[in-house]
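Hi,

Here is the structure I promised to pass on. Have a look at it first, and then read my notes below.

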Amino acid sequence: MCSRAWGRLVRDAAEVCRRTGGSARRESASWFLPAGNAACSRGGRNGFIFTPARFITSEAFLHRLMKGRAAEADGSFYRLPASVLPDSGEQLSLLLRHPDQPDNSKVLKVAIIGSPNAGKSTLSNQILGRKVFAVSKKVHTTRSRSLGVLTEDDTQIILLDTPGLTTASKVKRHQLEKTLLVDPWNTVKEADLVVVVVDAADRWTSSRLDFEVLKCLAQHKDIPAVLVLNKVDLVKAKDKLLDFTAELTCGVVNGRKMRVRQVIKPPWAEKRPERDPELLLDEDDAEPEGGAEPNSALTKEQLKALRSQQGWPHFKDVFMLSSVDGEDVETLKSYFMVAAKPGLWQYHSEVLTDQSPEELCTNIIREKLLEYLPKEVPYSMTQSVELWQDGENGELHISMKLYAKKDTHMRMVIGTGGQMVARIAREAGEDLGRIYLRDVKLNLSVKLSK
């Protein structure tokens, strides 16, 4: 067996052990429910017993979900984790390969949308069980629509990871790609389910949906949507999550009014500052005269009504989780599996993403640039592939050239004694090795663009 095949076998075996072994998962029962079901229980430091991954749903759906988990526990066929082929020709051939679906195949296309930096890509990576989408603490890490594929047993989940919803004025002001404007809207059109991710730890976004998100939901009312409150591990007062949910859903989930018991607070209790809906938009983000906004089929009257709306009253379910916690995300993943409908797979079970190996490499390097460089520097950087070839021992040699617009930017990327560019190359190479399932030797050079 060649070293390349042996290395992939060892990594696959390790991944299988990680996915199937170890301690039993904690079960996820509903934390709070619509009126008519049991309310949340008291106790704990903040007055509520809190377990991160929770959702609001019907009892019938809960029964189906638990039944599905029981069947999984009985033992079923487990596929080896998919990966990305480092050769672009082979990756394209895999994407065009006929799906190896069973007779009773099911499929679900999920569009993940939300404001910039809400944690959409991190959530997608956790669901896939492999880092496929670049993530960073800065906004607009995802610059275009990307696709991830999760295939388990007879079900295929297609995750459509999108850039954060933004406005035309911001794209123009910051000289961003136009894909940030177009891709999220086009992606929702082809989805079977829309997942709206909200940063629960952000004091401004946790109690009001972004206006661009509201527009997108209003334009696609026929597509079921669920709300995901992300980063709940960073929220100290867990009982506030109930208030956030009530505000973001207008107090209605799956057509039923929520019953949230009010907590009496002393006069000195901290109050959340109110913001005028008109102040949520930049001055140059106001709708143009004469009708609807770009990317929107809504009338001026409908848009005006949405501006006074704090949440969306048509969510089917609500999840509370931390996207960095695999056990939390498992609940959402199980929900997708149960929600999948009979249908033909779109991809072969070995497909992990529709991104080319070069695109993945560029995105991972951009992630590191965003992570370590200040302000506008990483957004102005461009890249080109100089070398892409196999080594004698099965490793992959990649040489990328980074172009900086200013001499000061170039010096920042290189760092003192070349330490910064060496760190970026080392960390990006490690990430790419886990994606390609082979050793990656990444070399980066920096040049001043003309």
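Predicted model: local features only at pLDDT ≥ 70, side-chain atom pairs only at ≥ 80, totals over all residues.

Numbering starts from 1 along each chain as its sequence is written, and side-chain values use heavy atoms, with hydrogens and water left out.

The protein chain has a mean pLDDT (the predictor's confidence in each residue, from 0 to 100) of 75, with 66% of its residues at 70 or more. Helices (H or I, at least four residues) and strands (E, at least two) are DSSP runs, numbered from the N terminus. Residues 170-181 stay under 50.

Now the helices. The axes of α11 (residues 357-372) and α14 (residues 419-436) come within 9 Å and cross at roughly 140°. Axes are lines fitted to C-alpha atoms, for helices over the stretch in contact, and angles run from 0 to 180 degrees between N-to-C directions.

Helix α4 (residues 120-128) and helix α10 (residues 326-339) also have axes that come within 9 Å, crossing at roughly 75°. They are therefore roughly perpendicular (65 to 115 degrees) to each other. In this pair, L123, Q126 and I127 of α4 are in contact (heavy atoms within 4.5 Å) with G326, V329, L332, K333 and F336 of α10.

Best wishes

Technical notes: Parallel < 35°, antiparallel > 145°, perpendicular 65-115°, else oblique.
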